[in-house]
Amino acid sequence: MAPIFEFLIALLLVFLLLSTIVSSLTEFYSSRIGKNARAVLLYQALLKVFNDRHNRNYTDDLYRHPLIENSKPDENKLPAYLEASVVARTLTDVFVREARKLSVTYTSAGRPQIHEPDIAPTEAFQLFRQAVGSMHTSEVKKLLQSFLNASNNLDELRIQIESWYNAYMDRVSGWYKRKLRRHLLVTSVVVVVFLNADLFRISTALWHDEKLREPLLQQAVQISGDSTWIQQQQGLSLEQRKLRADSLYQSLKLSGLPIGWVSELPVAQQQELKKKIVPKGSVWAKIRYQVACVRELIRLNYHRYFSLSTLLGWFLMAFAVHLGAPFWFEALNKVVNLRGAGAKPLPNPSPAR
Amino acid sequence: MINAHAHIFNVKCAPDRFYGFPVARFFSHVPGAARRLARWLRVINPFSNQDMLERYAKMIEVGAEKTQRNIFVQLLEYYQAYPNAKIVALTLDMDYMGAGTAVNNYVTQLNEVADLKAQFPDQLIAFFCVDPRRPNVLALLKEYVEHRGFTGIKLYPALGFFPFDQALLPVYEYAIGKNLPILTHCDIGGIYYRGPLSGEHLAPASLNPHVPRRNFVPHAEAKRNKFKDFFSDPRNFEDVLTLPQFAELKICLAHYGGSEMIEGKARTLTNHNWYQSIRQMMQTYSQVYTDLSYTLHHTHDAVRVPVVNDIRHPQLRNKILFGTDYYMTVREKDEPTLVEDFKNKYGLTAAEFDHISITNNRAFLTTRFYQP
């Protein structure tokens, strides 16, 4: 195989493994707080439309309405999803009640009495129109008028609101995906810096060292031959994802690639730091050990770690990694097939993953 | 018992720079952020449940409640031991304080409190905050008093206006017509106007035709947190009360001027003691009151002794109201402790406590149409 192909396949494999680690972490994050993030984004999206500075914040009315209030998972959480029919029903009810508010009067003894408005279903549409008509001119008023202009009764009005809401939610989903991609990029940067995975150093090592490429090539061929590799990843539970991320990290470390901080420190200094910190054995001690190694490395070779080349190497690696495991899996498959031999049969076909 | 001074607005009602820096927006746009910050503040010192961070964390946490209803219900639970407890919820119009915009503007805040009044007609006494800079404020006030169950007026001059503002004239006329109580912030602490000072701030005209324009121009360069004392000075109300038609206007100059004024430690730009002014005004005008909100958390002698003496003073005993200033006080003490400490450490008899918390509050809060 031409060295250029060997180099390219090994590099693509590094991208794939790192992006799989990042995907696992992002999935872990999404499952823990992602649902809340979706709920916040939905709230913010509705706030963007219904927070009317010329009148009032109707999002507040929507979220306080029992139809939506009761769909909250608990008192302090927001609903992650709202069905179009629920939003349409709530919005019409908020404005119908706006036209005929409940009122407070007082008895001769000065006791307050509450008067609930009696609203017949037949007059609801007219009341909605009346409430919108009495609003100060605003974007919300224009939006509501556009619904009114296309409807002749309350049912048609609700259909108008539902179709608008569904279209709007499609856009919100797009925002959510973009937000997730930003999270993916941030996670990629964190992982790449944490692993000290500098694209330039890894590329240089792979280009010059045939022995380094050899085991990676075997692994790449193995992975590319397994069309279910990505699907397997998606079907894993959180715990399995964590284990997989850990095993991929170990395989990267064992491959001899210039990845990680500790390995760069001279052995004598590693031993010295280990004696000081690791015997305590806790997770915190391990983290402190890593931090101490980084500090020692920076102390020994400050300029290298803060050089433009390293920063650029980290950034390019992070950018590549954030493109995602499916992207790099496809790219790896294409390049492996491109070299002309397809997936080469392995001497030992037992699954190594 | 009646708590004549409490707040239930949440962070969504507070403008962007309510705290002086744009943190309110973050808290209100990211639900749960304040709660998380509060938790982190606790993590910094997890070994004490009474340290300063813990107490600020509690206050942030109350303000971060999703709705005003949650804050009110929580407060009501603290008063379970008192049958028929009533709470005065003071709304706050912060739309003109020059600190940016709030997620929920003032009308949204009012609407939520009006809905709450309908749910708790006997427990909640709603006060409408008047800012004379709001267009058509009288019409809005009338709507909320005549149809939505509000029975009092709140003024917060430190947010950038004078109580003798000419635009307040119809409001005072309306208040006297309905015998509505007016409660005004009167302490050097608290939030304040953060916008630029205009000509009307520096040389304001009074609604009282016999009072010439004041001149604050020499203080134009003063910091806003000092200049605000000109807005809050209790003597400003003398412009109103000396007009014959407003001699019977019911005004509560809240906080008794503040604990620092009672101790004689406070320094304003005029070095005037507000506590003494309030005492004197309560003796001069038949319908001027004060409340002990916030100030009551101080239980040391320098504050306690003069306050207790005033509660027993024949000319002042009917003019002092009980209120706590929840949830601003959460950074000092939790509500039940605050009330119990006040009752025990001030050495008031049950009759004296009932007098300020029931009799006086009832007299102040009774209007032409409402009896608490």
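## Salt bridges across the structure

Over all chains, the whole structure holds 28 salt bridges, a salt bridge being a side-chain nitrogen of Lys or Arg within 4 Å of a carboxyl oxygen of Asp or Glu. This is a predicted model, in which local features need pLDDT of at least 70 and side-chain atom pairs count only at pLDDT 80 or more, while totals for chains, interfaces and linings use all residues. Residues are numbered from 1 along each chain as its sequence is written, chains are lettered from A and ligands numbered from 1 in the order in which they are written, and side-chain values use heavy atoms, with hydrogens and water left out.

Two of the salt bridges lie within a chain. In chain B, the side chains of D310(B) and R279(B) meet at 3.0 Å, N to O. This pair links distant parts of the chain, 31 residues apart: D310(B) is in helix α13 (residues 301-311) and R279(B) in helix α12 (residues 274-284). Helices (H or I, at least four residues) and strands (E, at least two) are DSSP runs, numbered from the N terminus. D310(B) is buried at a relative accessible area of 2%, and R279(B) also counts as buried, at 18%. Here buried means under 20% relative accessible area, exposed means over 50%, and partly exposed is in between (1.4 Å probe, protein chains only). In chain A, R201(A) forms a salt bridge with D198(A), with the closest N and O atoms 4.0 Å apart. D198(A) is buried, at 2% relative accessibility.

## Where chain B meets chain A

How many residues of each chain are in contact? The contact involves 37 residues of chain B and 29 residues of chain A, where contact means heavy atoms within 4.5 Å. The size of an interface is often given as the accessible area lost when the parts come together. Between them, chain B and chain A bury about 2,700 Å², with 48% of it on carbon and sulfur atoms; buried area is the accessible area (1.4 Å probe) that two parts lose on being put together, summed over both.

There are 15 residue pairs in polar contact between chain B and chain A, both residues being at pLDDT 80 or more. A polar contact is a pair of N or O atoms within 3.5 Å; within protein, one must be able to donate a hydrogen and the other to accept it, and residues adjacent in sequence count only if both atoms are side-chain atoms. On the side of chain B that touches chain A, the elements giving two or more residues are α1 (24-29), α2 (33-44), α5 (106-119), α6 (137-146) and β4 (150-155) of chain B. α5(B) gives the most, with 7 residues. By type, the residues of this side of chain B are 10 nonpolar, 13 polar and 14 charged. In this division, Ala, Val, Leu, Ile, Met, Phe, Trp, Tyr, Cys and Pro count as nonpolar, Asp, Glu, Lys and Arg as charged, and the others, Gly among them, as polar.

## Salt bridges between the chains

Chain B and chain A have 3 salt bridges between them. One of them pairs K101(A) with E143(B), whose closest N and O atoms are 3.1 Å apart. R64(A) and D115(B) also form a salt bridge through their side chains, at 3.2 Å, N to O. R64(A) lies in helix α2 (residues 58-64) of chain A and D115(B) in helix α5 of chain B, so this pair joins two chains. D115(B) is partly exposed, at 23% relative accessibility.

## Two loop residues of chain B

T67(B) is in the loop between α3 (52-63) and α4 (68-78) of chain B, and is buried with a relative accessible area of 9%. Leaving out residues up to four places away in sequence, T67(B) touches R64(A), N10(B) and E112(B). The side chains of T67(B) and N70(B) are joined by a polar contact of 3.1 Å.

Y346(B) is in the loop between α14 (335-345) and α15 (350-365) of chain B. Is Y346(B) buried or exposed? Y346(B) counts as buried, at 2% relative accessibility. A polar atom of the Y346(B) side chain lies 2.6 Å from the backbone oxygen of H298(B).
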